[in-house]
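Hi,

Here is the structure I promised to send over. Have a look at it first, and then read on for what turned up.

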Amino acid sequence: MKKSMKLFAALSLAGTMLLSSCIGSFALFNRLKDWNNNLSSKFVNEVVFFAFNIIPIYEVAYLADVLVINSIEFWSGSNPVADNSGVINTDNGQYVVEQNGNGYTITNDGQTVSFVKDGDSWYYNENGNQVKMFEFVDEQHVQLNDGSVVELSQVGIENLRAQYCF
């Protein structure tokens, strides 16, 4: 009985070493989040946050981190997004992330997605199809692509959150 208990304990201990996980740094998601946090005001940050949840930008970045980028980091020891090269190599191809004067562009296998600021508006572009995410009406209001106007205040953001159940 004691011998089988020792064997079980030894196998359990070995299993914990073999099955340990790596949470990863979530560099892609964190860079996207940090970019949003560095926009002009907390109200603009909140509107971008909602827009990036409605158009599932945050979800795609998080999923890419979970399924691909953090796995690369675990096995190679370095995160391909954290090296600031702008090129992410994965099993699904190479992603090139470029920051330009008016937004960001992500390219993979000839497909391009970009987030572009034009005047007072932010657009999401994918393969030539442009969708307006939101536009600044004035310093206190933005208009979303569905036509609704959001006040850039705590109350306005809470109303937006209630409308989309976030």
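Let's start with a pair of helices. Helix α3 (residues 42-54) and helix α5 (residues 154-164) pack with their axes 10 Å apart, at an angle of about 10°. That angle makes α3 roughly parallel to α5, since angles under 35 degrees count as roughly parallel, over 145 as roughly antiparallel, 65 to 115 as roughly perpendicular and the rest as oblique. (Axes here are lines fitted to C-alpha atoms, for helices over the stretch in contact, and angles run from 0 to 180 degrees between N-to-C directions.) On the α3 side the residues are F43, E46, V47, F50 and I54, and they meet Q154, I157, L160, R161 and Y164 in α5. Contact means heavy atoms within 4.5 Å. By class, the residues of this contact of α3 with α5 are seven nonpolar, one polar and two charged. For the classes, Ala, Val, Leu, Ile, Met, Phe, Trp, Tyr, Cys and Pro count as nonpolar, Asp, Glu, Lys and Arg as charged, and the others, Gly among them, as polar.

Two bits of housekeeping. This is a predicted model, in which local features need pLDDT of at least 70 and side-chain atom pairs count only at pLDDT 80 or more, while totals for chains, interfaces and linings use all residues. Residues are numbered from 1 along each chain as its sequence is written, and side-chain values use heavy atoms, with hydrogens and water left out.

The axes of α2 and α3 cross at roughly 145° and come within 9 Å. From α2 the contact takes L32, W35, N36 and N37, and from α3 it takes V44, N45, V48, F49 and F52.

Now the whole chain. It has five helices and eight strands, where helices (H or I, at least four residues) and strands (E, at least two) are DSSP runs, numbered from the N terminus. In order from the N terminus, the elements run α-α-α-α-β-β-β-β-β-β-β-β-α. Of the 166 residues in the chain, 31% are buried. Buried means under 20% relative accessible area, exposed over 50%, and partly exposed in between (1.4 Å probe, protein chains only). Among the contacts in the chain with a separation of 6 or more, 30% come from residues 24 or more positions apart.

Next, the largest pocket. How much space lies in it? About 1,000 Å³. On a 1 Å grid over the protein atoms alone, a pocket is an open set of points where a 1.4 Å probe fits, with protein on both sides within 12 Å along at least five of seven lines, and lining residues have an atom within 4 Å of a point. Grid points are joined across faces, edges and corners, and the volume is the space filled by probe spheres set on the points.

The lining of the largest pocket has 35 residues, and L28, A61, I88, V97 and I106 lie nearest its centre. Two or more lining residues come from each of α2 (27-37), α4 (57-76), β1 (87-90), β2 (93-100), β3 (103-108), β4 (111-118) and β5 (121-126). α4 gives the most, with seven residues. Sorted by class, the lining has 24 nonpolar, eight polar and three charged residues.

A few single residues are worth a click:

- F26 sits in the loop between α1 (2-18) and α2. F26 is not a glycine, yet its phi is positive, about 50°. At a relative accessible area of 15%, F26 is buried.
- T105 is in strand β3 and counts as buried at 14% relative accessibility. Leaving out residues up to four places away in sequence, T105 touches V96, V97, E98, N100, T112, V113 and S114.
- N89 belongs to strand β1 and is partly exposed, at 45% relative accessibility. N89 touches I72 and Q94, again not counting residues up to four places away in sequence.
- G101 is in the loop between β2 and β3 and is exposed, at 88% relative accessibility.

Cheers
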